[in-house]
Each structure stands twice: as structure tokens, then as C-alpha cells.
Amino acid sequence: MGEAAKTVIFEIERRDSTESETYFEKFELSYRANMNVISALMEIRRNPVNMEGKKTTPVNWDMNCLEEVCGACSMIINGKARQSCTALVDQLEQPIRLQPMKTFPVVRDLVVDRSRMFDSLKKVKAWVPIDGTHDLGEGPRMPERKRQWAYELSKCMTCGVCLEACPNVNDKSDFIGPAALSQVRLMNAHPTGSMNRDERLNAIMGEGGLASCGNSQNCVESCPKGIPLTTSIAALNRETTVQMFRNFFGSDHAV
Amino acid sequence: MDNREFLLRRLHSLLGVIPIGLFLVQHLFINHFATQGVEAFNAASHFMANLPFVIFLEIFVIYLPIMYHAFYGLYIAFTSKNNPGHYSYMRNMLFVAQRYTGVFLVVFIAWHVFETRFQVAIGAAEADFNMMANILDNPWMFAFYVVGVLAATFHFANGLWSFLVTWGITQSEKAQRYSTYFTLLVFLVLSIIGIRALLAFV
């Protein structure tokens, strides 16, 4: 065709370990059709030579499903947190700047440790307890339309994008973030899960819980699965308002 | 279960509307008498200043709530890490503006109370039309008061929106969108009332 070979330039924020200094390194790759950020990172791994022609260490990143359902490959791409598997090079402005989600401890390069999200799920009891010493039998039925609605909330993949986007999740606050809160709404909506709804509501009324939300609504704008996080938060606000009075005055309707 | 933070935060939200928000509305309404002339303003101001048990009204309806709201609000403002650059959605911009206006209002209200209420308390001045006319005669002070009034009406209107969310009154996306329109109207109406009063003094 006579055109100069098209290239793609990446600018990646790197560090060798959690404590070590960060630095930016640029890479220039030859363009391929339908490239995404992960395929570019794989290309860098195959041939770790930076833009100055120097051989360097391969860039570390996390990935798993490659179809935006596992949440492992989240990173900051041109300033916004999202999954790198669905970030298409054709739709990104160059140089494409990759950074780790620094709301979490950075393990190395683009790899972060999202343990705090899983700890939060434990803290808010985001499960349905069904174990007993004897057969508890069938649980109550869930209306089909409610199940369909709850399915949307169940799409959360604990990817961490909402925590990264939230201005109130930072090192000065212990806010657990929108993801775990929305899971409380999901578990409380479940007919069997709702048998422990007060325990979850009390858990999110504790330190770093629901009250730390400042309604910036970045979470709902950023969520890759389109989960109505702010609706969940507002609904939980209503339920905890009632729970607050129940706790204070006592109630015949503990659950 | 330690839910102190939850209760403090809810109290902060509640006090912002009741009584502080209501007091702000009443204050701006009384100010508006200035547009009907010196006599009308002085009569209204005199009526408010001579309410029975006025010192208790001031302490429990104004000073204590506003001090709690201000100090806990500063703590809230300085524990957020604002990110309007990359996440420039409307609600996030309003979130940032709520924090900036809040910090500014702490300064503005402290000055405003010192310049008007405190000077009256120590007998150095009398709260009437002339007092405000003298203050607003200075173009810098006039600008300071315009910004102060707009910051207050914005902070109240936007705070009313998040009050409705915080207490679980507006829940769905549609309810929150409609309450955005409503609180925008509150902001506009209160701003017009407030600015008209300021203009009446110059």
C-alpha cells in the first residue's frame, strides 16, 4: 500500500515491588487489527524491548477470563479504571497510558492485591447460610421477576473499578466501597438470605460502612457490568434508617 | 456493634436540612425585606432579634448545629480524594463543589457572624440596614457576600439532594434525577432571593 507501518505506543507505569520507586516506560508495537490492551501486553512480554531499544523486564499484569467476567485484569487505562481485556486499541487515544489501580496495594507493575474487597465481603456476610446439622429442607421460592432483577446485582465480579473511581475509598478512609454494599442488597433480596438481613444491615452500619458514601456516583458510571450501585446504596440507606430505629427502640420484627 | 460513624454521619445530614437549611431559607427571606426599603428591613430584623428566648433559639437552632455540621463537614471534606479530572461526571462535579463550598462557607460564616452578630453582642454595632449598607459599600466585601450567598444556596440545595438519598427517600435513578431538577430549582430561587437582597443594600 505504500503506507508507513502503523504502530501503537504504550506508556506504562511500572514498579518492581510494592515499596520500590515507580517509573514510566514506553513501548512501540506494530499495529494489528482488533488489538486489545492485553494482546499488546502479551506482545511486550514476547519481546520486552522499550522505545529506546533497550531490553527490559516484561511488564507484569493480571488476567484470567479474557471476556470481562472475572475482573482480574482491571487497570487504569488513559486515566479511567476498566478491564484491559475489553479495552480495544482502536478506541483509545495514543499514547495509551497504563497504570495500576493505586487504591489497592500494588504488587508489581500493573498487578494489584484486591484482598480488601474479599475481606469486605466477609465483613458484610455476603453469603446465604444454609448449613445445618440436619436437612433444613427447601427454602422459600423466589418470584421469577425478582430473580431476574437480582441477577443484575449478581454480575459483580469484584473487579475493583468502583473502588478506584470512588473519591471516598482512599488511604484516609476505611470505606469498604460500593461493591460489597450492593452484595448486601443482593443477599438480603434472596428469600433464604433475608433470614439474616439484620446481621448484614448492622455490619454495613459499622465503621467504613454505608455512611462513608458521599454520593459522588462515580461507581455507577464506571461499573463495567452496569450494576445499579447507587440504587443499591439508596435502598440500603432506607433499610438502615429503619434498622437504626429498630436497634434503638427494639422491635418485634427483628428480621 | 460500633455504629458511631453511621450515627454521626446521619446527624450531619439531618442537621444540614433541619435546622440549618430551614434557618438559611428564613434568613434569606428576612433579608429580602431590604428590597422594600430601610423601614421594612429594620422592622423585620428587629422582630427577629427580639424573639422570646432569642439566645436559646440561637444556641440550639443555629450555633450548635452549625458548628457540628461545620467541623464534622471539614473532616468529611478532607477525607475524600477528589478526582473530577478523570471522572468528570455531573454528580462527581457536584460532589467536589459540595466540599469546596463547604470549606469556603466555614470561613464566610465565621467572618459574617463576627462582623454582624458578634459586633452587636459586644455593643460595637447595631444590626440594622445601615450596618449592611456600610459593609456592602466596599466592592470587595460585596463580591465576598455574593460568593458567600451563592455558596450557601448551592451547598443547601445540593445537600438537600444528598439528604434525600442518605435517608433513603429517593431511591431509584428516576427519583434521584427528579430530585436533581427540584433541588436545582431550590438553588435558583434561593439565589435570586439572596442576591436581590444584597443588591438592595447598595
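Two strands pair if DSSP finds at least two bridges between them. Strands β3(A) and β5(A) meet that cut-off, because two bridges join them. They run antiparallel.

This is a predicted model. Chain A has eight helices and seven strands. Chain B has seven helices and zero strands.

**Chain A: overall**

- Chain A has 255 residues, and 40% of them are buried.
- Its C-alpha trace spans about 80 × 40 × 35 Å along the principal axes.
- Take the contacts in chain A with a separation of 6 or more: 64% of them are between residues 24 or more positions apart.

**Chain A: the sheet**

- Five strands of chain A form an open sheet. Their order is β2-β1-β5-β3-β4, and the pairing is mixed.
- Which strands lie at the edges? They are β2 (23-30) and β4 (80-83) of chain A, and each pairs on one side only.
- From one strand to the next, the twist averages 35 degrees.
- Helix α1 of chain A, residues 37-46, packs on this sheet. It touches β1, β2, β3 (74-77) and β5 (96-99) of chain A. The direction of α1(A) makes about 95 degrees with that of β2(A).

**Chain A: how the strands are joined**

- Strand β1(A) covers residues 7-14. Eight bridges join β1(A) to β2(A), and these two strands run antiparallel.
- One bridge partner pair here is T7(A) with S30(A), the latter in β2(A).
- β1(A) is also joined to β5(A), by three bridges. Those two strands run parallel.
- In β5(A), L98(A) is the bridge partner of I12(A).
- L98(A) is also the bridge partner of I77(A).

**Chain A: a buried helix**

- Is helix α6 of chain A largely enclosed or open? Six of its eight residues (the helix spans 197-204) are buried, so the rest of the structure largely encloses it.
- The buried residues of α6(A) are R197(A), R200(A), L201(A), N202(A), A203(A) and I204(A).
- Their cover includes α2 (115-123), α5 (178-189) and α8 of chain A.

**Chain B: overall**

- Along the sequence, chain B follows the pattern α-α-α-α-α-α-α.
- Its C-alpha atoms fill a box of roughly 50 × 35 × 25 Å, taken along the principal axes.
- The radius of gyration of chain B is 18 Å. A compact globule of 202 residues would have one near 17 Å, so the value for chain B agrees.
- Of the 202 residues, 29% count as buried.
- Now take the contacts in chain B between residues at least 6 apart in sequence: 74% join residues at least 24 apart.

**Chain B: annotated spans**

- An unreviewed UniProt entry carries the annotation "transmembrane region" for residues 12-33, 53-75, 96-114, 142-169 and 181-201 of chain B.
- In the model, residues 12-33 of chain B are 91% helix and 0% strand. The end C-alpha atoms of this span lie 31 Å apart.
- Residues 142-169 of chain B are 89% helix and 0% strand. Here the end C-alpha atoms lie 38 Å apart.

- A197(B) is found in helix α7 of chain B, residues 173-200.
- Why does A197(B) count as buried? The cut-off is 20 or more other C-beta atoms within 10 Å. A197(B) has 22, so it is buried.
- A197(B) touches L28(B), N31(B), H32(B), A34(B) and T35(B), leaving out residues up to four places away in sequence.
- A197(B) and T35(B) are 162 residues apart in sequence. In space they are 6.0 Å apart, C-alpha to C-alpha.

**Where the chains meet**

- How many residues of each chain are in contact with the other? 27 residues of chain A are in contact with 27 residues of chain B.
- On the chain A side, the elements that give two or more residues are α7 (218-222) and α8 (229-249) of chain A.
- α8(A) gives the most to this side, with six residues.
- By class, the chain A side has seven nonpolar, 15 polar and five charged residues.

Note on methods
Residues are numbered from 1 along each chain as its sequence is written. Chains are lettered from A and ligands numbered from 1 in the order in which they are written. This is a predicted model: local features need pLDDT of at least 70, side-chain atom pairs count only at pLDDT 80 or more; totals for chains, interfaces and linings use all residues. Helices (H or I, at least four residues) and strands (E, at least two) are DSSP runs, numbered from the N terminus. The radius of gyration is taken over C-alpha atoms; the globule rule is 2.2 Å times the number of residues to the power 0.38. A residue is buried if 20 or more other C-beta atoms lie within 10 Å of its own, exposed if 12 or fewer, and partly exposed in between; C-beta atoms are placed from the backbone. Two residues are in contact if their C-beta atoms, placed from the backbone, lie within 7 Å. Ala, Val, Leu, Ile, Met, Phe, Trp, Tyr, Cys and Pro count as nonpolar, Asp, Glu, Lys and Arg as charged, and the others, Gly among them, as polar. Axes are lines fitted to C-alpha atoms, for helices over the stretch in contact, and angles run from 0 to 180 degrees between N-to-C directions. UniProt positions are given in the numbering used here, feature names are shortened, and annotations may be inferred rather than shown by experiment.
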